[in-house]
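This report covers two interfaces, one within a chain and one between chains. The structure is shown first.

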Amino acid sequence: MTVIQEFEKHPLAKYLRAERFPHIWCEGCGDGIILHCFVKALDDLAVDIDKFVVVSGIGCIGRAAGYVKCDSFHTTHGRPIALATGIKLANPKLTVAVLSGDGDLFAIGGNHFIHAARRNVDLTVICSNNFNYGMTGGQSGPTTPLDSYTTTTPYGNIEHPFNLVHLAAAAGSVYVARWTVLHVRRLAESIKKALRKKGFKFIEVISPCPEIYGRRNKLGKAIDIMKLYRQISEIRHGYDPAKAEITREKIVVGEFIDIEKPTYGELLQKQFIKIQQKLSEG
Amino acid sequence: MVSQREVLTGKHLMQGDVACAEGAIAAGCKFFAGYPITPATEIAERMARRMIEVNGMFVQMEDELASMAAIIGASWAGAKAMTATSGPGFSLMQENIGLAVMTETPCVVVNVMRGAPSTGQPTEGAQQDVMQSKWGSHGDYSIIALAPASVQEMFDLTIECFNLAETYRAPTFLLADGFTGHLWERVVIPSPEEIKIVERKKPVVSPDKYMPFKPDEDLVPPMACFGEGYCVHVTGLTHDELGYPKTTDPKVQHKLVNRLCEKMRKNANRIVRTYESMLEDAEVAVIAYGIPSRASLNAVKKARESGIKAGLLRLVTVWPFPEKQIEELATRVNAIVVPEMNCGQIVREVERVAKETPVHLLSKIGGELHSPSEIFEAIRRAAGI
């Protein structure tokens, strides 16, 4: 049996490009779990895969766009949300999801994130937050905790990190959740919920980077990091995202925001009908 | 294909920027993303009013990085897409212009050039981004750029930009300037049947046999868009013909990047358009593009009246550079004069191609157009009179 034949025995194989495996992620990386939860959600929802588009930016999780078996775009660094906005607005029949990392979405791409959230473009954005730039060898980023060690904070990080769920909520996201890769079932359910909901949805996934961030900060192996998640994570649905800062002692997870608000597409459609009516009346 | 609402057939007094927007709509543009900037803002304003009327999409993005990204996304979602800007925004767009080149995304970028560098002269026209339009993004690549010289051409050449972008699957630039963008002139808009519209080449094979980046003989691959069932993966990384990243194989990089450059070189004969006036027996040739070509024509006529055998070669296509035409012209004339609204950009290309024939730059920056008499004087000097 060839590797591809072996691969295709997997129940979720039809959502993945077998010929692209093995993937590039390090042993113990959480991105594989996120990808698994993502395709599991697609399968549970029985999405029309021909009308589904995955967009990603640059970084480790960015490669996920090349692994999913659907139309997909691996963009320039920081721009997946802007590009996804173009796709969704040009063809509203497509369902568009963005899979990217904390550096891509919140440092170089921060402006696109807040504005897409403000516009309430119908996108599902999933952020793999591993607290550093893994692909380039472990530099500090916008979510790196204070005092952490990275290659660009060799004496400890002196920058305050973003609280991503607070940022997303403040910018106008209609759905905001946070999970760790330990919460596989809840994460998959959360992705399903986001995909079913209209508007700008945001899910932060805390993901281990044992080879790079973990090693420098003496967090142990992937299994130790997973144990840590179990120890310090606390599920609190409806919790105020402003208070959900990640600390060494506690990671609050759950669904923080779940509201209804007209999407950009819906408001545009209303306007479109009005204008067309006016035009036909001459 | 296009309806009466999309083509405002008739004679109009129109502003250059507005004519550009109308040209885009007539060409079948269904997606516009942009960010306000002088002197290109009127294009976005016109599109904001008009796109909704023609079942198109207008979105004002947060910056030009996003505008360029959005039109790439829209193009892959199947829409003819455009953005419009000026120098500072054009600089921001360079990143994703490179992405459009690498992913062979048909799209149109209008640059209504203004005095630069940096914030420069927002309200003054210039031609300072000519080299940037060719080389602005990192790496080796080729694009198409057209330079309109009138409000009529703001309309006509915008349509041509769409046709070329869709034919060659590359970002295509309308290199206008602030003067032409803000100029009001008569525009004649033909009937829809008279307007030639090109649609992108689609795959003729089934999805399982489709290789998204395998070119046909013209070096252009047929394009399946998102939602059409072809399961396309698109990446800015060096990729093989299936579209998959192959970043360490020298052969893949060599083949891809050479094709991206070769695509325009090989098709240059079909792309390049120039206009000749009074060149048959000319001893001095003026080579101009964009708005200075109008004063140039005037100056050439004046030179003829005073007995100097002068002529004009007007470049409608700036990139790919009309090498053959200029090379041939250089063998026939004694001198060439190049008026440009910059410190000398296209003149370098002319010098490269003209070889031994003397080339005289007539540079003008600051926000004033060349006057016919200035160009006439330059012709006179070049003629040795």
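## Domain contact in chain B

B:Arg273 and B:Glu160 form a salt bridge, with 2.6 Å between the closest N and O atoms; the term requires a side-chain nitrogen of Lys or Arg within 4 Å of a carboxyl oxygen of Asp or Glu. Between domain 1 of chain B and domain 2 of chain B the count is three salt bridges. Helix H5 (130–135) and helix H6 (151–168) of chain B are among the elements that each supply at least two residues of the side of domain 1 that touches domain 2; helices (H or I, at least four residues) and strands (E, at least two) are DSSP runs, numbered from the N terminus. H5(B) gives the most to that side, with four residues.

The domain assignment of chain B gives domain 1 as 10–194 and domain 2 as 273–382, bounds that come from an automatic or database domain assignment. Their C-alpha centres lie 26 Å apart. The contact (heavy atoms within 4.5 Å) takes 27 residues from domain 1 of chain B and 26 residues from domain 2 of chain B. The area buried between these domains is about 2100 Å², with 55% given by carbon and sulfur atoms; buried area is the accessible area (1.4 Å probe) that two parts lose on being put together, summed over both.

## Basis of the values

This is a predicted model, in which local features need pLDDT of at least 70 and side-chain atom pairs count only at pLDDT 80 or more, while totals for chains, interfaces and linings use all residues. Residues are numbered from 1 along each chain as its sequence is written, chains are lettered from A and ligands numbered from 1 in the order in which they are written, and side-chain values use heavy atoms, with hydrogens and water left out.

## Interface of chains A and B

Chain A puts 39 residues in contact with 41 residues of chain B. The two chains bury about 3300 Å² between them, 62% of it on carbon and sulfur atoms. On the chain A side, A:Asp71, A:Phe73 and A:His74 lose the most area to chain B, together 16% of what that side buries.

Two salt bridges are found across this interface. One pair in a salt bridge is A:Arg119 with B:Glu62, whose closest N and O atoms are 2.7 Å apart.

## Strand pairing between chains

S2(A) pairs with strand S10 (residues 233–235) of chain B in the parallel sense over three bridges; pairing requires that DSSP finds at least two bridges between two strands. A:Phe73 has B:Val234 in S10(B) as its bridge partner.
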